[in-house]
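The following note is intended for a colleague who meets this structure for the first time. Its points run from the chain as a whole to single residues.

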Amino acid sequence: MRLKIKILKFLAGRPIAIMDEHTAVKINVHVGERVHIQDHDRAIIAVIDTSRGGLLKSDEIAVSNEIVSALGLREDESVEVGIAEKPESTTLIRKKMDGCKLEKQEIFKIIQDIVNNALTEAEIAYFVAAVYKNGMNDAETKNLIDAMVSTGTRLKFNGKVADKHSIGGIAANRTTPLVIPICASTGLIMPKTSSRAITSAAGTADVIESIADVEFSTEQIEKIVNKIGACMVWGGSLGLSPADDKLIQVEKILSLDPKAQLLASVLSKKISVGSKYVLIDIPYGKSAKVDLKEGNKLKKDFEKFGKMFGLKIKCLLTAGDQPIGHGIGPLLEIRDVINFLQGRESIPDLRAKAIFISAEILELCEKAKKGKGLAMAKEILDSGRAFEKFREIIEAQNGKVPPIQEIEERLGKYRKDIIAEFNIKIKVIDNKKINFLATVAGSPMDKGAGIYLYKHVGEVIERGEKIMTIYSESEARLKNALELYHRMKPIEFNAFN
């Protein structure tokens with residue numbers, strides 16, 4: 001059936017089309033099913049929704065901006081619309097749900113269909129759950145990495161291209177905006193692409209976005225990196241591993257992060273940006289994503305699969321029993337970073353980890369001799385060179401490093417201090433609970449929302465002093481966060497006189 005395009009100018013995150021419910025009956029398509037939209041020699045598969053009450057005429061179809069961009073459509077342009085065939089991938093996903101091994105071409109087919117939007121969000125969710133439940137063997141994992149790289153674009157830079165990645169899960173832990181400028185100051189090429197938050201209250205992209213742009217085309221990234229030597233951007237806008245970004249959206253909803261997809265997510269992105277030297281931070285601990293045993297297994301897996309794709313890779317197992325730094329949430333974390341880089345605040349745990357990771361990268365890339373990386377990283381940080389490189393990166397990404405006062409004015413206007421009712425010594429700070437608490441307050445969507453922790457494990461807080469401050473941009477969200485704090489008890493402590 002030929003229908004006229006109606007552009008409603010809405011972003012859906014995936015191709016969505018809307019037609020009048022009577023038109024849908026004529027085509028015999030139901031809500032949530034797929035349609036094939038053809039415009040001359042270009043076509044796209046979209047998920048259908050319906051409307052009633054005169055929003056659309058019987059000969060019209062409304063399309064999301066994703067479809068407009070993909071097909072280059074204009075208002076009132078005529079397109080051919082029909083039912084899309086059920087993709088073969090649905091059968092393959094069922095095969096994985098049954099615990100069977102997927103062959104190389106089957107994995108490629110699933111990933112290609114994810115990239116082409118041939119699978120609905122629900123079908124992708126079944127794939128994520130199947131991999132989580134049944135796992136993938138080495139051959140499947142290698143093929144998954146290969147498929148995710150092959151279905152995306154790739155960048156190439158001259159010089160030593162290095163990168164770092166944390167598997168996440170630790171509240172705050174904002175080492176990337178420190179490590180990247182430290183290492184880039186030595187001439188290393190650091191095209192850092194980051195995801196948004198999956199299991200934490202904010203990802204690096206969410207944090208940098210609070211003061212600069214993070215969405216760029218591959219051409220723009222190449223221009224920035226060739227000029228500055230580094231970037232800190234969101235990988236989802238680059239098409240480097242497009243299937244990964246769609247998988248991450250579903251993983252976030254399900255709060256699942258299957259190991260095979262974690263490996264494929266990290267390595268596919270590093271391969272796609274041309275990195276040859278890669279450092280992986282694997283925090284472990286009771287409230288981290290992995291314990292020490294699981295961390296060691298993950299370390300071996302990263303090294304094994306990295307070697308298969310020609311990467312010089314090193315994994316660090318780091319303590320992840322509690323948050324690192326003070327601020328948890330985009331603006332609170334960038335405040336920590338800027339204060340730290342400008343020498344206003346030491347933040348000992350964040351400083352130690354950032355210098356340690358930087359030193360390991362400098363030695364891995366032979367910018368520093370063995371055992372000399374720590375001294376080099378400290379000198380770059382303390383001399384102000386790291387801050388200057390950070391400023392250059394932010395400005396290249398159409399941003400500016402704001403005064404601290406400006407950041408503080410943008411923090412959530414609804415806030416509540418949690419006060420110690422007696423003298424206490426902190427025994428446990430649960431990462432998962434703290435991250436969840438910050439998300440309930442509105443992080444990372446609300447840049448000014450989150451938590452500020454005043455003390456860490458082992459430290460004493462006297463009666464009447466602040467344990468934390470919860471920030472929110474909504475009175476209702478703050479109320480929910482406070483109720484959750486008292487019910488969930490994310491901080492355990494011993495009281496004394």
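Helices (H or I, at least four residues) and strands (E, at least two) are DSSP runs, numbered from the N terminus. This is a predicted model, in which local features need pLDDT of at least 70 and side-chain atom pairs count only at pLDDT 80 or more, while totals for chains, interfaces and linings use all residues. Residues are numbered from 1 along each chain as its sequence is written, and side-chain values use heavy atoms, with hydrogens and water left out.

1. Overall form. The chain contains 19 helices and 18 strands. Its C-alpha trace spans about 75 × 50 × 45 Å along the principal axes.

2. Of the 497 residues, 56% are buried; buried means under 20% relative accessible area, exposed over 50%, and partly exposed in between (1.4 Å probe, protein chains only). Contact means heavy atoms within 4.5 Å. Among contacts with a separation of 6 or more, 79% join residues 24 or more positions apart.

3. Nonpolar cores. A nonpolar core is a set of buried Ala, Val, Leu, Ile, Met, Phe, Trp, Tyr and Cys residues joined through side-chain atoms within 4.5 Å. The largest such core has 57 residues, and those with the most contacts inside it are Met 190, Ile 334, Ile 338, Leu 341, Ile 361 and Phe 390. Leaving out residues up to four places away in sequence, Ile 361 touches Ala 162, Lys 164, Val 179, Cys 183, Leu 188 and Leu 279. A second, separate core holds 42 residues, including Ile 110, Leu 119, Leu 247 and Leu 298.

4. Helix H7. Which residues of H7 are buried? Nine of the nine residues in this helix (176-184) are buried, among them Val 179 and Cys 183. Both Val 179 and Cys 183 are touched by Ile 361.

5. Asn 143. This residue lies in helix H6 (residues 138-150). Asn 143 is buried because its relative accessible area is 12%. Residues up to four places away in sequence aside, Asn 143 touches Lys 104, Ile 107 and Phe 108.

6. Trp 234. Strand S9 (residues 230-234) contains Trp 234, which counts as buried at 19% relative accessibility. Apart from neighbours within four places in sequence, Trp 234 is in contact with Ser 194, Ser 195, Arg 196, Ala 205, Val 214 and Glu 215. Asp 321 is 87 residues from Trp 234 in sequence, and their C-alpha atoms are 27 Å apart in space.

7. Backbone points to inspect. Most residues other than glycine have a negative phi, and most peptide bonds are trans. Lys 9 has a positive phi near 55° and lies in the loop between strands S1 (2-7) and S2 (16-20); at 71% relative accessibility, Lys 9 counts as exposed. His 40 has a positive phi near 60° and is placed in the loop between strands S3 (34-39) and S4 (42-51); at 70% relative accessibility, His 40 counts as exposed. The peptide bond from Ser 443 to Pro 444 is cis, with omega near 0°, and Pro 444 sits in the loop between helix H18 (431-441) and strand S15 (450-453).
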